[in-house]
Amino acid sequence: MPLSDNGDLMQPGSLPGNNIVFKGYRSGLTLIIPEAGPFENYLQELRDHLKNSHNFFNGAKINLELGNRQLDTEEKAALIRLFQENGLVLRSTGESASPVKRPASKSKAIHGEHVVPTFTIKKTLRSGQRIEFDGNVLIWGDINPGAEVMASGDIIVMGKLRGTAHAGMQGDRNARIFAFQINPVQLRIADVIARGGEKLKRTKDFRPEIAKVKDQQIIVEKFN
Amino acid sequence: MSGKVLVITSGKGGVGKTTTCANIGTGLAIRGKKVALIDADIGLRNLDVVMGLENRIVFDLIDVVEKNCKLRQALIKDRRFDNLYLLPAAQTKEKDAVKPEQMVELCEELKLDFDYILIDCPAGIEHGFKNAVAGADDAIIVTTPDVSAVRDADRIIGLLQTYEITDPKLVINRVRPDMVRRGDMMDVNDVNDILAITLLGVVPDDQSIIVSTNKGEPAVSEQSSRVGQAYRNIVARIEGEDVPFMSLDFDLGFFERIKRLLKK
Ligand SMILES: Nc1ncnc2c1ncn2[C@@H]1O[C@H](COP(=O)(O)OP(=O)(O)OP(=O)(O)O)[C@@H](O)[C@H]1O
Ligand SMILES: [Mg+2]
């Protein structure tokens with residue numbers, strides 16, 4: 001899932017398939033359990049996995065990523081028991097990573113045109129929520145202070161941008177950021193950084209705005 | 001009877017959760033509702049002090065979930081209102097002595113007997129928060145009009161979505177009209193612009209709160225007090241009444257702005 005609530009960098013392209021996956025992120029080890037399919041099967045898979053790994057995970061602190069899957073009390077208890085038996089410590093669950101649409105995983109070519117996948121969210125991103133996506137991101141809502149959106153392509157906010165947005169994060173200085181009002185904590189396009197209220201040249205009125213790189217600087221101008 | 005469980009939470013500490021809980025609870029009881037207050041701030045209890053019931057505590061929340069006593073035995077009846085009860089937090093035990101499942105069970109049991117169950121949530125988003133929200137049907141978010149409290153409230157609203165609480169209500173506490181007028185404090189509009197949830201009420205900053213807290217008699221029961229009126233309005237709105245917002249000496253535009261926000 002590209003949306004994580006604990007500040008982890010969620011690598012694009014690491015979407016879970018039909019198997020459990022252990023991933024190493026900045027903040028430690030994350031166990032990803034796929035959203036679909038019976039939980040028992042994954043529990044059994046995990047049990048086998050841990051048995052074959054000969055205490056490799058002993059003492060490891062694990063973040064749990066469940067996507068939209070909700071565990072009931074019994075399932076949770078079974079999982080925690082299995083963790084304990086194998087010396088794993090459950091650190092956090094990614095349950096709070098709220099409603100996320102599964103993005104189209106790869107860019108395609110249609111009639112020879114390069115099509116960039118777009119990730120769409122229909123809600124306001126609140127403080128502590130973060131999205132990272134390899135493609136464009138479209139948000140039907142605001143980006144509040146404390147929320148972050150990173151995209152390799154463009155970022156389009158059908159609302160107010162008051163948090164942090166990073167477009168063209170793989171180096172594309174042609175990427176753009178659009179919002180109905182741009183009043184961010186920080187903006188980044190490729191390797192260019194602008195802090196809110198400081199370096200940012202911005203228009204005064206609240207008309208739709210667009211941020212782009214011009215002469216090594218991010219400028220925000222009226223959209224028309 | 002099937003009562004409603006409301007958790008009172010904020011993220012940031014010291015913004016007025018306990019004060020709000022005591023006043024809303026007392027206000028609902030004055031209107032004849034049967035109300036239970038649960039202090040979920042284990043280790044740092046103080047709802048009992050604010051209610052003036054500290055010296056009557058025999059059993060607490062942990063005794064109930066550990067089945068050392070019956071629920072009935074641990075509920076303390078208020079000094080003034082017969083239909084108001086408090087389930088105090090344990091002062092001495094560890095914070096993780098309660099599990100979310102146990103809170104759910106407790107809330108279900110209380111729902112059979114009470115119209116409203118109000119849970120006073122500890123600050124933070126850790127274990128105590130998870131316990132406090134586990135059994136809740138809805139939430140009241142308390143914030144003060146400052147950037148960091150609003151930021152934390154926003155985080156809490158995001159977290160509550162995973163508990164299927166999607167329409168929490170907002171109380172903005174400690175508003176100072178003089179500071180707002182000078183532009184030194186966020187106004188209601190600024191707060192609502194970010195949080196964008198249903199506004200339940202605005203409570204002025206008022207030193208009389210400290211006096212009523214010391215007396216153990218929440219301000220809501222004082223007819224003449226301005227904060228009391230703010231809490232009575234909040235209680236009426238919880239009960240579904242359409243009460244106009246107090247102007248709090250704001251400029252006239254303030255009134256209209258709130259109305260418009262609420263109609264959205
Ligand atoms: N409207 C108000 N005007 C003046 N003082 C207030 C107001 N509301 C709360 N206070 C004071 O602020 C302090 C903190 O309030 P309270 O204990 O209710 O906060 P809390 O959010 O429960 O704190 P904690 O996070 O520690 O549990 C208290 O001293 C209280 O009397
Ligand atoms: Mg408190």
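1. Start with what B:G11 touches. Beyond its neighbours within four places in sequence, B:G11 is in contact with B:A123, B:G124, B:D152 and B:I156. Keep in mind that this is a predicted model. B:G11 itself belongs to a loop of chain B, the one that runs between β1 (4-9) and α1 (17-30). Is B:G11 buried or exposed? Its relative accessibility comes out at 12%, so B:G11 counts as buried, the cut-off being under 20%.

2. Next, a helix pair in chain B. Helix α7 (residues 147-160) packs with helix α9 (residues 188-195) at an angle of about 35 degrees, and their axes are 10 Å apart. The crossing of α7(B) and α9(B) is right-handed. On the α7(B) side the contact is made by B:V150, B:A153, B:D154 and B:I157, while α9(B) brings B:V191, B:I194 and B:L195. Sorted by class, that contact has six nonpolar residues, one charged residue and no polar ones.

3. Now the aromatics. Over all chains, the structure holds five aromatic pairs. One to look at is A:F178 with A:F180: the ring centres are 5.9 Å apart and the planes sit at 80 degrees, so this pair is edge-to-face; the cut-off for that class is over 60 degrees.

4. A:F180, at 37%, counts as partly exposed. That makes sense against the cut-offs, because buried means under 20% and exposed means over 50%.

5. Back in chain B, there are a couple of charge-over-ring arrangements to check in your viewer. B:K34 lies over the face of B:F114, at 4.9 Å from the ring centre. B:R237 places its charged end over the ring of B:F245, 3.9 Å from the centre of that ring.

6. Last, chain A as a whole. What does its secondary structure hold? Chain A has two helices and 18 strands. It runs to 224 residues, and 48% of them count as buried. As for contacts in chain A between residues at least 6 apart in sequence, 37% join residues at least 24 apart.

How values were computed
Residues numbered from 1 in each chain as written. Chains lettered and ligands numbered in written order. Predicted model: local features only at pLDDT ≥ 70, side-chain atom pairs only at ≥ 80, totals over all residues. Heavy atoms only, no water. Helix = DSSP H or I, 4+ residues; strand = E, 2+ residues; numbered from the N terminus. Buried < 20%, exposed > 50% of the residue type's maximum accessible area, 1.4 Å probe, protein only. Contact = heavy atoms within 4.5 Å. Axes fitted to C-alpha atoms, helices over the stretch in contact; angles between N-to-C directions. Left-handed = near helix turned anticlockwise from the far one by under 90°. Nonpolar A, V, L, I, M, F, W, Y, C, P; charged D, E, K, R; others polar. Phe/Tyr/Trp six-rings, centres within 6.5 Å; stacked < 30°, edge-to-face > 60°. Lys NZ or Arg CZ within 6 Å of the ring centre and 35° of its normal.
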